[in-house]
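These are my notebook entries on a structure I examined by its elements. I set down what I looked up and what I found.

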Amino acid sequence: MYLLRTSLGPVDLAFTDRFGGVSAPPYDALNLGVGGGDDPAAVEENLRVLQADFAPDDRLVQTEQVHGTDVAVIGADPAAQPGPADALLTAERGVTLLVRVADCVPVLLADPEAGVVAAVHAGRVGMVEGVVPAAVAALREHGAERVHAWIGPHVCGHCYEVPFAMRAEVGALLPETVQTTWSGTPSLDLGAGVAAQLRDAGVEQVVAVPGCTRERSDLYSHRRDGADAGRLGALIRLDPRR
């Protein structure tokens, strides 16, 4: 169920793998994606099973991800639903934030002392547009001073092939992203770009969780599986008991 699950003070966080759910092949088994070809009832059951294990009493918050830079702030009102956004932020305890990926970079952010957390979905477009710096800035606006970051599993720089022109365009903004594939063709390292953005935003505590989604069969990958790819989850919360 988890590639990584850990805590830091009142903060609990996790990155999922594809095991422990009920989805049938080719989505087997813990597919958290919405709007794909999987049975919606299976996805709902997967979310229920995951939440029951991670934080059964929490309110689970997710949103429509659109490869943008909007940061949705989640307050105490359980009836309020966020609009489309690629980052979720809360200072409320007992709220689990969830973003979904299948090659894009999931980023979890927290200041345990300030009591504020965020979950970010950073694909190539969102990274270029600045969703990660936007999320860090929003955390600071909510009192964060010492931000910790976890970069979850994503497609690696040797597997994310792109046209020469795209690599040049992105590399002009983030030189750290320039890479080549295993076969020598142009590619981008999105994780390196996100790490550079975090450093530039003053985030010194960064943990990179290893794992290329395209190379590992225990992870979902759109690059590998196309329309049959499921979605992994990145979750973060503030425990009301700590």
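**Entries**

I began with Gln51, which lies in helix 1 (residues 40-54); helices (H or I, at least four residues) and strands (E, at least two) are DSSP runs, numbered from the N terminus. The model is predicted: local features need pLDDT of at least 70, side-chain atom pairs count only at pLDDT 80 or more, and totals for chains, interfaces and linings use all residues. Residues are numbered from 1 along each chain as its sequence is written, and side-chain values use heavy atoms, with hydrogens and water left out.

I looked up the exposure of Gln51 and found it buried, with a relative accessible area of 9%. Buried means under 20% relative accessible area, exposed over 50%, and partly exposed in between (1.4 Å probe, protein chains only). Leaving aside residues up to four places away in sequence, I list Pro56, Asp58, Leu60, Thr96 and Leu235 as touching Gln51; contact means heavy atoms within 4.5 Å.

Six strands form an open sheet with mixed pairing, in the order 4-5-8-7-9-12; two strands pair if DSSP finds at least two bridges between them. Strand 4 and strand 12 (205-208) are at the edges with a single partner strand each, so one side of each has no neighbour in the sheet. The twist averages 15° from one strand to the next; axes are lines fitted to C-alpha atoms, for helices over the stretch in contact, and angles run from 0 to 180 degrees between N-to-C directions.

I then examined strand 8. Four bridges pair it with strand 5 in the antiparallel sense; Thr90 has Val117 as its bridge partner, and Ala87 stands opposite Val120. Strand 7 and strand 8 also run antiparallel, joined by seven bridges, and Asp111 has Val116 as its bridge partner. These two strands form a hairpin with four residues between them, where Gly115 in the turn has a positive phi of about 75°.

How many residues of strand 8 are buried? Seven of the seven are, so strand 8 is largely enclosed by the rest of the structure. Val116, Ala118, Val120 and Ala122 are on one side, with Val117, Ala119 and His121 on the other.

Last, I checked helix 3 (residues 131-141), where Val131, Val132, Ala135, Val136, Ala138 and Leu139 are buried. Seen down the axis, the buried residues fall within an arc of 160° (taken from the directions from the helix axis to the C-beta atoms), so they line one face of helix 3. Among the elements they pack against are helix 2 (124-129) and helix 5 (190-200). I noted Gly143 after helix 3, with a positive phi near 100°.
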